[in-house]
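Subject: Structure for you to look at

Hello,

Here is the structure I promised to pass on. Please open it first, then read my notes below with it on screen.

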Amino acid sequence: MALFDRLTGTRRPADGVPPVPAEELRTALLALNRPDAPYVVRYGAAEGADLVAEWRIAEPAWRNFFVESRITHAVRVRMRLDRDAHEVRVLEEQWEVSRVGGPPGLQVTSSYSRGPDRTVTRRWTLGWGDGGRPEATETFRFDAARLREPLQGTVLRSGWTWRGVVLGKL
């Protein structure tokens, strides 16, 4: 099962970590919301989930950040809490986005995929180093793991399993 777990992104809590009640885990996940975080965690009944985490692409305060970051994929994580198994079933979804209009905004295209993904956007500036040699300096980095890692860490510290879903229903 280890190979399948690796493909789905499933992670288990450390040995000896007792699972907290489901409502305590839900509260801990919702507490990840901060005004300075590029994502939001919210109730997800409308999407067929207990909770949903997604980038703040549509929010005016974050729109410029996402346009300037030149991201190519929007990510949404739908989570369902399985109270009996102490698992959070997770479906990660990605859509391709493109920049449109002036001033530029982001528009979702028809490309869709599901399952764990690692999208990293980097921007480099070319210049001259101290020794007179050309060098590249990373001036911007945006990693899609900034959405998954806080969620996954909260789940594992709460004694629950993070169960990735690729096929089938959440």
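In which strand does Glu 87 lie? Glu 87 lies in strand 4. Helices (H or I, at least four residues) and strands (E, at least two) are DSSP runs, numbered from the N terminus.

A word on the source. This is a predicted model, in which local features need pLDDT of at least 70 and side-chain atom pairs count only at pLDDT 80 or more, while totals for chains, interfaces and linings use all residues. Residues are numbered from 1 along each chain as its sequence is written, and side-chain values use heavy atoms, with hydrogens and water left out.

**Overall layout**

The chain has four helices and eight strands. Along the sequence they follow the pattern α-α-β-β-α-β-β-β-β-β-α-β. Of its 170 residues, 42% count as buried. Buried means under 20% relative accessible area, exposed means over 50%, and partly exposed is in between (1.4 Å probe, protein chains only). Take contacts between residues at least 6 apart in sequence: 55% of them join residues at least 24 apart. Contact here means heavy atoms within 4.5 Å.

**Back to Glu 87**

Is Glu 87 buried or exposed? It counts as buried, because its relative accessibility is 13%. Leaving out residues up to four places away in sequence, Glu 87 touches Arg 80, Leu 81, Asp 82, Trp 160, Thr 161 and Arg 163.

**Strands and core**

Strand 1 (residues 39-43) and strand 2 run antiparallel, joined by five bridges. Two strands pair if DSSP finds at least two bridges between them. Tyr 43 has Leu 51 in strand 2 as its bridge partner. Strand 2 (residues 51-55) is mostly covered, with four of its five residues buried.

The largest nonpolar core has 23 residues. Such a core is a set of buried Ala, Val, Leu, Ile, Met, Phe, Trp, Tyr and Cys residues joined through side-chain atoms within 4.5 Å. Val 77, Met 79 and Leu 151 have the most contacts inside this core. Helix 2 (22-30), strand 1, strand 2, strand 3 (73-82), strand 4 (87-100) and helix 4 (145-157) each supply at least two of its residues.

**Helix 4**

The 13 residues of helix 4 should span 18 Å at 1.5 Å a residue, and the end C-alpha atoms are 17 Å apart, which agrees. The expected span is 1.5 Å times one less than the number of residues. Among the buried residues of helix 4 are Leu 147, Arg 148 and Leu 151. After the helix comes Gly 159, with a positive phi near 85°.

**Salt bridges**

Side chains of opposite charge can pair when their charged atoms come close. A salt bridge is a side-chain nitrogen of Lys or Arg within 4 Å of a carboxyl oxygen of Asp or Glu. By this rule there are ten.

- Asp 50 and Arg 80 meet in a salt bridge (3.9 Å, N to O). This pair links distant parts of the chain: Asp 50 in the loop between strand 1 and strand 2, and Arg 80 in strand 3, 30 residues apart.
- Arg 26 bridges to Glu 23, with the closest N and O atoms 3.4 Å apart. They are three residues apart in helix 2, so about one helical turn separates them.
- Glu 93 bridges to Arg 78, and the closest N and O atoms are 3.4 Å apart. Glu 93 is in strand 4 and Arg 78 in strand 3, so the pair ties together parts 15 residues apart in sequence. Both Glu 93 and Arg 78 are buried.

Best wishes
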